[in-house]
Amino acid sequence: MSGRVYAGKLDIGGPELVVMAGPCSTESRLHTMEMMHAAKEGGADAYRSGAFKPRTNPGEFDGLKEEGLRYLAEAKEIYGLPIVTEIMSTGHISMFQEHGVDIYQVGTRNAQNYSLLDELGKLQVPVLLKRGKGSTVKEWLGAAGHITHFGNSNVILCERGVATIDPEFRNLGDITAVAYAQRHSKLPVAFDPSHATGRRDMVYQAALASVSAGADALLIEVHDDPDFALTDGKQCILPEELAMLVKHSRQLRQLYVESQKEYNFRIGSVKSGRVTVYFRQNELPLMLETTGEDRSAIRLKTYDEPTGILQARIKDGALGKFKQHYEHAIGRLTSFTSTSGKSVPIVSLSRQGSSSAIMTPYSAEAVRAAGKSTLNERHPGVERIELKRRYPTDLVLDAFATYEDPLILFRTD
Ligand code: PEP
Ligand code: MN
């Protein structure tokens with residue numbers, strides 16, 4: 001799981017799946033009342049419905065606008081579901097605030113409207129940012145960066161499918177992008193199977209697939225009479241189907257959360273890229289003699305004569321957890337094994353399940369020189385290294401090069 005966004009009573013990115021559901025458009029006062037009731041009965045946590053509708057062609061129904069926001073606020077008064085609705089212009093911000101909108105949705109068409117994103121970044125309102133239908137994952141994350149850059153970290157990324165060549169679908173739901181955003185961003189991730197498929201017979205399957213890929217929230221279009229919906233009827237499911245989708249998705253979410261504990265410990269936290277481990281040349285024989293429990297294998301990769309540093313690459317994920325938090329760490333090698341007959345030996349390290357390495361006195365000194373505390377509060381007398389990203393590389397390398405005890409240095413790329 002990635003970061004968390006709190007929107008009123010909603011906790012998006014926590015262990016529970018958050019379901020936002022409702023008709024594509026806010027259609028009338030009565031319909032809003034009925035549909036919020038139905039969404040709540042169906043297990044939704046929030047009501048998602050558009051008062052401002054971006055339309056591909058002019059002249060089409062483009063929403064009830066402020067009148068719609070009034071209906072949404074009124075239904076919320078009665079049924080209590082937080083409101084998620086699309087904002088298309090900076091000029092509407094005060095209107096959204098006035099009507100107590102809980103989550104400001106930025107649609108696919110505005111996904112790279114940087115002036116809108118920057119303005120939303122200056123507020124503290126939760127923003128649900130859809131991916132542009134032609135945006136790469138990096139552009140999507142970059143757009144989110146526009147909001148967080150100005151101090152608003154309450155952003156939920158929402159994958160809603162990208163342009164497809166296949167006429168059977170409205171968009172191509174990019175499940176990999178959900179998994180990618182989970183791993184490469186600190187923001188919670190939502191999936192919108194309605195726009196991602198464009199067809200009601202695919203919504204349930206696509207939703208479950210996204211939960212398996214790590215979606216923290218779902219955005220589902222629901223309508224009590226889809227054939228007569230003012231917009232997007234083809235992709236709206238019925239309230240009964242929502243109830244089943246919510247039930248199964250929540251069960252799957254539990255399984256996902258459980259499975260990730262093991263995955264993150266073993267593999268996932270290595271993420272992409274490498275963790276590089278350095279050994280000093282003169283320590284290698286000593287390390288070769290050491291045996292012990294295999295916790296994580298690293299593959300020796302290059303050997304740099306002039307510096308006497310051997311570089312290795314993590315093969316297995318047990319060390320990876322540390323990569324999430326640290327750029328460097330110095331520790332002692334506690335075990336080593338090698339595979340015979342192969343030119344590339346495998347080294348095994350034990351980290352005692354901790355993402356901090358025990359410091360040597362020398363490196364402690366270096367850390368103190370950088371003005372950082374080295375005290376380990378839980379184990380007095382043992383100094384502990386926690387080299388966060390700001391820690392100067394030179395100092396770490398210097399400590400590594402000079403200290404006499406066998407040391408290893410981990411560096412994440
Ligand atoms: C919508 O959520 O109804 C909508 C217009 O979505 P998108 O911006 O993803 O097309
Ligand atoms: Mn829609």
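Contact in this briefing means heavy atoms within 4.5 Å. The structure is a predicted model, in which local features need pLDDT of at least 70, side-chain atom pairs count only at pLDDT 80 or more, and totals for chains, interfaces and linings use all residues. Residues are numbered from 1 along each chain as its sequence is written, chains are lettered from A and ligands numbered from 1 in the order in which they are written, and side-chain values use heavy atoms, with hydrogens and water left out.

**Helices α1 and α2**

- Helices (H or I, at least four residues) and strands (E, at least two) are DSSP runs, numbered from the N terminus.
- In α1, the residues R29, T32, M33, M36, H37 and K40 meet Y71, L72, E74, A75, K76, I78 and Y79 of α2.
- By class, this contact has seven nonpolar, two polar and four charged residues, where Ala, Val, Leu, Ile, Met, Phe, Trp, Tyr, Cys and Pro count as nonpolar, Asp, Glu, Lys and Arg as charged, and the others, Gly among them, as polar.
- Helix α1 (residues 29-41) packs against helix α2 (residues 66-79) at an angle of about 40°, and their axes are 9 Å apart; axes are lines fitted to C-alpha atoms, for helices over the stretch in contact, and angles run from 0 to 180 degrees between N-to-C directions.
- The pair is therefore oblique, given that angles under 35 degrees count as roughly parallel, over 145 as roughly antiparallel, 65 to 115 as roughly perpendicular and the rest as oblique.

**Helices α5 and α6**

- Helix α5 (residues 137-149) and helix α6 (residues 175-184) have axes 11 Å apart and pack at an angle of about 50°, so α5 and α6 are oblique to each other.
- V137, K138, W140 and L141 of α5 make the contact with A177, Y180, A181 and H184 of α6.
- Six nonpolar residues, one polar and one charged make up the contact of α5 with α6.

**Helices α4 and α5**

- The axes of helix α4 (residues 114-121) and α5 cross at roughly 40° and come within 6 Å, so these two helices are also oblique to each other.
- Y114, L117, D118, L120 and G121 of α4 meet A143, H146 and I147 of α5.
- The contact of α4 with α5 comprises five nonpolar residues, two polar and one charged.

**Loop residue L64**

- L64 is in the loop between β4 (46-48) and α2.
- Apart from its neighbours within four places in sequence, L64 is in contact with T26, E27, S28, A51 and Y71.
- The C-alpha atoms of L64 and T26 are separated by 6.8 Å, although these residues are 38 residues apart along the chain.

**Ligand 1**

- The residues around ligand 1, those with a heavy atom within 4 Å of it, are C24, R48, K53, E86, Q105, G107, T108, R109, K130, R160, H195 and E221.
- A polar side-chain atom of R160 lies 2.6 Å from an oxygen atom of ligand 1, and one of K130 lies 2.8 Å from an oxygen atom of ligand 1.
- In the side chain of E221, an N or O atom is 3.1 Å from an oxygen atom of ligand 1.

Terms used. Polar contact = N/O pair within 3.5 Å; in protein donor to acceptor, adjacent residues only side chain to side chain.
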